[in-house]
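A short report is set out after it.

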Amino acid sequence: MRDGQVPLAAELLDPVPFGALEEEGYARGFSCVAGLDEVGRGPLAGPVVAAAVALPDGLLIPGLTDSKQVPEQERGRLFEVIREQAVCFGVGIADERTIDDVNILQATIIAMERALALLSPRPDYLLLDALTLPRVPLPQKALIKGDCRSHSIAAASILAKVTRDRMMLDLHERFPQYNFKRHKGYGTREHVELIRKYGPCDAHRRTFNPVALMLAGERT
């Protein structure tokens, strides 16, 4: 453990009300509690995107939950509400080449660190979705299924999801043959078949299978 690093508390699932984990942080005397989450660890293409959000103490945004459970149109509405009502928020991105260079876990940590660096005021307590930031010397709580249990993590998941989806629409404009607008870079049967047909493009993660296997086949 590096100097100044606060031990991480890894929480198992417990029946706490939505927002209670943030209230607990403020009750303990912390002045700014931020939740962090990421989207895009699993796809074959595109970046991993992380967000950090601090919400006002006691604020509960109606309809806010894990982004995977929220319809696309509603995510867009919540995206704007969160940006308007948050104390502060930040979005960090690690692109495909960073993912290939350092691996997806380390790229996710980099994206989260970049999101955290954008927050003002600076948070003094972090809630994370089952992940630790070992280079960040702040008190942290890792939560299993945190985006279903923490209001600020759920808010971060919405910001990250909407941001990444919009980036994948931009990639679709550049590389329409892969139909990124439909699958957002995930390894669907359609996507894999299109990679086999056209070969990988710059948006693909070259260390992820089956892309890596295809590229290895080209070199043999």
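## Basis of the report

The structure is a predicted model, in which local features are described at pLDDT of at least 70 and side-chain atom pairs at pLDDT 80 or more.

Helix H4 runs over residues 104–117, and its 14 residues reach 20 Å from the first C-alpha to the last, close to the 20 Å expected at 1.5 Å a residue. Its buried residues are Ile104, Ala107, Thr108, Ile109, Ile110, Ala111, Met112, Ala115 and Leu116.

The N-terminal end of H4 is capped by Asn103, which has a side-chain oxygen 3.1 Å from the backbone nitrogen of Leu105. Asn103 belongs to the loop between H3 and H4, and its phi is near 85°, a positive value in a residue other than glycine. With a relative accessible area of 40%, Asn103 is partly exposed, because that class lies between the limits of 20% and 50%.

## Loop residues and cis peptide bonds

A positive phi is also found at Asn179, where the angle is near 60° in a residue other than glycine. Asn179 lies in the loop between H5 and helix H6 (180–183), and Asn179 counts as buried because its relative accessible area of 13% is under 20%. Another loop, between strand S6 (140–143) and helix H5 (151–174), holds Arg149. At 6% relative accessibility, Arg149 is buried, and a polar atom of the Arg149 side chain lies 3.1 Å from the backbone oxygen of Ile144.

The bond from Ser120 to Pro121 is cis, with omega near 10°, and Pro121 lies in the loop between H4 and S5. The bond from Asn209 to Pro210 is likewise cis, with omega near 10°, and Pro210 lies in the loop between H7 and helix H8 (211–219).

## Ile195 in helix H7

Ile195 is placed in helix H7, which covers residues 189–198, and is buried with a relative accessible area of 0%. When residues up to four places away in sequence are not counted, Ile195 touches Leu44, Tyr178, Pro200, His204, Val211 and Met214. Between Ile195 and Leu143, which are 52 residues apart in sequence, the C-alpha to C-alpha distance is 36 Å.

## Cavity and pocket

A search of the whole structure finds one cavity of 30 Å³ or more, and the largest cavity holds about 60 Å³ of space. The lining of the largest cavity is made by Gly19, Glu22, Glu23, Leu55, Pro56, Asp57, Gly58, Leu59, Leu60 and His151. By class, this lining divides into four nonpolar, three polar and three charged residues.

The largest pocket holds about 170 Å³ of space and is lined by 14 residues, of which Glu38, Val39, Gly40, Lys68 and Tyr186 lie nearest its centre. The elements that give two or more residues to the lining of this pocket are S2 and H5, and the largest share, three residues, comes from S2. In the lining of the largest pocket there are eight charged residues, together with four polar and two nonpolar ones.

Key. Residues numbered from 1 in each chain as written. Heavy atoms only, no water. Helix = DSSP H or I, 4+ residues; strand = E, 2+ residues; numbered from the N terminus. Buried < 20%, exposed > 50% of the residue type's maximum accessible area, 1.4 Å probe, protein only. Polar contact = N/O pair within 3.5 Å; in protein donor to acceptor, adjacent residues only side chain to side chain. 1 Å grid on protein atoms, 1.4 Å probe; cavity = no way out; pocket = protein on both sides within 12 Å on 5 of 7 lines; lining within 4 Å. Points joined across faces, edges and corners; volume = space filled by probe spheres on them. Nonpolar A, V, L, I, M, F, W, Y, C, P; charged D, E, K, R; others polar. Expected span 1.5 Å × (residues − 1). Contact = heavy atoms within 4.5 Å.
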